[in-house]
Amino acid sequence: MKRVLVTGASSGIGLQLATDYLADGWQVVACGRNKSKLTQALPGEGVEYGVFDINDREAVRMGLSTVAPVDLAILNAGTCEYVDDAHAFDADLFERVVQANLIGTANCVAAVLPRIKTGGRLALVSSAVTFVPLTRAEAYGASKAGVDYLARTLAVDLNSSQVAVSLVRPGFVDTPLTQKNDFPMPGRVSPVQASRIIRSGLARGKHEITFPSAFIVTLKLLSWLPYGWWLSLARRMKGNTYE
Ligand SMILES: NC(=O)c1ccc[n+]([C@@H]2O[C@H](COP(=O)([O-])OP(=O)(O)OC[C@H]3O[C@@H](n4cnc5c(N)ncnc54)[C@H](OP(=O)(O)O)[C@@H]3O)[C@@H](O)[C@H]2O)c1
């Protein structure tokens, strides 16, 4: 029986992935920091639980040390906080977000790599935010740009016949993480749609999985603009007239 490990399995995208892999007959190692939230969200047979805060390297190492080998590990746990006022830059907020999304993911990479079967796959969940610099995303975007680089360099440095690497870059998905947003979220998809696209991409061995396609095409076109043009456009969209 195939085995998948998912971090951030107590909510949103991770919960949907874990639920869908279980329904497909996989054994699931569901990881989160709150055991009762995890067991309530994912009760029943076929589930093992890994309980740790990804910020705590030793807890991650201990939590994963006894996990039997998995075919697929999806490092999905993450957080998002936006910068309210860049002039009063909040370095504590920046540290919190980079710590969880980048260092926390690296803690999981170190602990999970020895647990991936030969020929298995490691997937890191980043975000479409990294296509262009978006307003107020100084911390979130920087943390996810780090995840992009981490995944792409791991793909270079790991022997792909031992462990292949996929980078997942979702646009907006309707989860608790985005339900608190107070701005328009073009192309937002449901967790069910997100899970279907991610699972299909991973099954096909895709190096990068981006969605939804119309939103991604728009971001890619914007990313090809000369940087000064993008800056003027982004400032105008934000209502700033710094020039
Ligand atoms: N939703 C989107 O539009 C979107 C778009 C692009 C990328 N993403 C990325 O997708 C991933 C999942 O996001 P989501 O939308 O599903 O958010 P979510 O519903 O808030 O779920 C986040 C998950 O990560 C876990 N988590 C957060 N910090 C943790 C920590 N320090 N240690 C252990 N677990 C921790 C949460 O655990 P608790 O339940 O204990 O809080 C939860 O299970 C994130 O990496 C996010 O950046 C999301």
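Good morning. Helices and strands in this talk are DSSP runs, numbered from the N terminus, a helix having at least four residues and a strand at least two. With that convention, proline 212 falls in the loop between strand S7, residues 208-211, and helix H8, residues 213-223. The structure on display is a predicted model.

The peptide bond that joins phenylalanine 211 to proline 212 is cis, with omega at about -5 degrees.

Let me turn to strand S1, residues 3-7. How many of the residues of S1 are buried? Five of the five are, so the strand is largely enclosed by the rest of the structure. As a general point, side chains in a regular strand alternate between the two faces of the sheet. In S1, Arg3, Leu5 and Thr7 lie on one side, Val4 and Val6 lie on the other, and all of them are buried, so that both faces are covered.

Which strands pair with S1? One is S2, residues 27-32, which runs parallel to S1 and is joined to it by five bridges. In this pairing, threonine 7 stands opposite cysteine 31 of S2. Between S1 and S2 the chain passes through helix H1, residues 12-23, and this β-α-β crossover is right-handed. Strand S4, residues 70-75, is also parallel to S1, and three bridges join the two. There, leucine 5 stands opposite alanine 73 of S4.

How many disulfides does the model contain? The count comes to zero. The reasoning rests on a cut-off: a disulfide is a pair of cysteine sulfur atoms within 2.5 Å. For cysteine 31, the closest cysteine sulfur is that of cysteine 108, and the separation of 7.6 Å is too far for a bond. Cysteine 31 is buried, because its relative accessibility is 0%. For cysteine 80, the closest cysteine sulfur is again in cysteine 108, at 18 Å, which is too far for a bond. Cysteine 80 has a relative accessible area of 4% and is therefore buried.

I come now to charged side chains. Side chains of opposite charge can pair when their charged atoms come close. A search of the whole structure finds eleven salt bridges, and I shall describe some of them.

Within helix H3, residues 57-65, arginine 61 and glutamate 58 are three residues apart, about one turn of the helix. Their side chains meet in a salt bridge of 2.7 Å, N to O. Arginine 61 is partly exposed, at 43% relative accessibility, and glutamate 58 is partly exposed as well, at 42%.

Another salt bridge is formed by aspartate 71 and lysine 117, with the closest N and O atoms 3.1 Å apart. This pair links distant parts of the chain, since aspartate 71 belongs to strand S4 and lysine 117 to strand S5, 46 residues apart.

Arginine 188 is partly exposed, at 35%, and aspartate 174 is partly exposed, at 31%.

My final topic is the surface. Val217, Leu221 and Trp224 form a nonpolar patch there, and together they have about 370 Å² of accessible area. Valine 217 lies in helix H8 and is partly exposed, at 47% relative accessibility. Thank you.

Terms used:
Residues numbered from 1 in each chain as written. Predicted model: local features only at pLDDT ≥ 70, side-chain atom pairs only at ≥ 80, totals over all residues. Heavy atoms only, no water. Buried < 20%, exposed > 50% of the residue type's maximum accessible area, 1.4 Å probe, protein only. Pairing = 2+ DSSP bridges. Right-handed = clockwise from strand over helix to strand, strands pointing away. Salt bridge = Lys/Arg side-chain N within 4 Å of Asp/Glu carboxyl O. Patch = residues over 30% accessible without salt bridge, like charges linked within 9 Å, V, L, I, M, F, W, Y side chains within 5 Å. Areas by Shrake-Rupley, 256 points an atom, 1.4 Å probe, with all protein chains shown as cover.
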